[in-house]
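Please look over the sequence and the model shown below before reading on.

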Amino acid sequence: MPGALSAIAGRLPWRGGGYTVLLYHRLAGAGKIGQERIDVSPKKFDRQMRLLRRLGFTPLTLSEVVELHSQSSRAIPRRSVVVSVDDAFADVVEPLMRHAGLRPVLFVPTANVGQAVEWLDGERIASWAELLQLETEGVALGGHSRTHVDLAASDRTTAEREISGSREELREHLGAAPVAFAYPHGRFGSREREVVRAAGYSLAFTTQPGRNDADSDPFALCRVSVKAWDSDLSFAWKLVTGKQPPALWERWLLIKAGVSRRLGRARLLGRARERAGATPNAARPPRQRP
């Protein structure tokens, strides 16, 4: 399959100078109800990162993205990608460590570091020690507000405190200010763009799908979300187009994933029943004769 995908990718009409930004959240594979859109298993993430390499994609660092959007921009490889992860949950630490060579960027809600957060079922955010370890290995850290608030629904004072505060807290713990910000919930407007720029960031990422190029607004960069039910082919589609699959394809992926989950649960239930039925004879009550 990877060989066939590579052949297809090689024939696609690439836009010069463009790049795709992938978006992940959790990398636990916990299968929690309501988290299907944001929780990709570590095994699938590993497979997708290997596939990314096999398809010949070149990972961009944040400094290269900043350069692309500056007046001193240079040409970049046609198959370029940025791997991004929002929220900095503790379960992303080990997977990102394994693929730090791809120079992923992790966006951190800085006031929640090391805490279990109410805004996602009590999941724990990575500690500062874990984040520093990631940075040492080559993972870039960016701002994601302080407390993961909806900036567009907040007053200006709150928005400024959340945006500037996340940058200052990262500077305090890392020794250098981050260059990138990601809007929590993907919610932003012209005011949020202005505040992010004024805070000193050079880039800001949305959750709007699409590819970016040198003419894209550096404070409204597109990203495409990777989901738990993505196949190799739909993942390759996202790499190439920066967009979600067409509706019918997405529906088929959902149906297939739902059937797979039900079959998996049925197998687990069957094994549990087999174990329950395998009670040693000595433990069974004696059979009474009439």
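Which way do Val105, Leu106, Phe107 and Val108 point from E4, and are they buried or exposed? Val105 and Phe107 point one way from E4, Leu106 and Val108 point the other way, and all are buried, where buried means under 20% relative accessible area, exposed means over 50%, and partly exposed lies in between, with a 1.4 Å probe and protein chains only. In a regular strand the side chains alternate between the two faces of the sheet. The model is a predicted one, in which local features need pLDDT of at least 70 and side-chain atom pairs count only at pLDDT 80 or more, while totals for chains, interfaces and linings use all residues. Residues are numbered from 1 along each chain as its sequence is written, and side-chain values use heavy atoms, with hydrogens and water left out.

The secondary structure of the chain comes to nine helices and ten strands; these helices (H or I, at least four residues) and strands (E, at least two) are DSSP runs, numbered from the N terminus. Of the 290 residues in the chain, buried residues make up 46%. Among contacts with a separation of 6 or more, residues 24 or more positions apart account for 64%, a contact being heavy atoms within 4.5 Å.

Now consider the partners of E4. Strand E3 (residues 80-86) pairs with E4 in the parallel sense over three bridges, and two strands are said to pair if DSSP finds at least two bridges between them. Within this pairing, Val85 stands opposite Leu106 in E4. E4 is also joined to E7 by four bridges, and these two strands run parallel; here the bridge partner of Val105 is Ala140 in E7. Together, E3, helix H4 (residues 93-98) and E4 make a right-handed β-α-β unit, where right-handed means that, with the strands pointing away from the viewer, the path from the first strand over the helix to the second runs clockwise.

Two loops belong to this part of the chain. Ala88 is found in the loop between E3 and H4, and because its relative accessibility is 0%, it counts as buried. Leaving aside neighbours within four places in sequence, Ala88 is in contact with Leu106, Phe107, Val108, Pro109, Ile125, Ala126 and Leu131. Arg103, in the loop between H4 and E4, has a phi near 55°, a positive value in a residue other than glycine, and at 38% relative accessibility Arg103 counts as partly exposed.

In soluble globular proteins, nonpolar side chains tend to be buried together.

Helix H6 can be followed from end to end. Why does its length agree with expectation? At 1.5 Å a residue, the 19 residues of H6 (residues 156-174) should span 27 Å, and its end C-alpha atoms are 27 Å apart, which agrees; the expected span is 1.5 Å times one less than the number of residues. At the start of H6, a side-chain oxygen of Asp155 reaches to within 3.1 Å of the backbone nitrogen of Thr157, and just after H6, Gly175 takes a positive phi of about 90°. The buried residues of H6 include Ala159, Ile163 and Leu170, and what covers the buried residues of this helix includes strand E4 (105-108), helix H5 (128-137) and helix H7 (190-199).

In helix H7 lies Glu192, which counts as buried because its relative accessibility is 4%. Leaving aside neighbours within four places in sequence, Glu192 is in contact with Leu151, Ala152, Ile163 and Tyr183, and Ile163 is one of the buried residues of H6.

How values were computed. A polar contact is a pair of N or O atoms within 3.5 Å; within protein, one must be able to donate a hydrogen and the other to accept it, and residues adjacent in sequence count only if both atoms are side-chain atoms.
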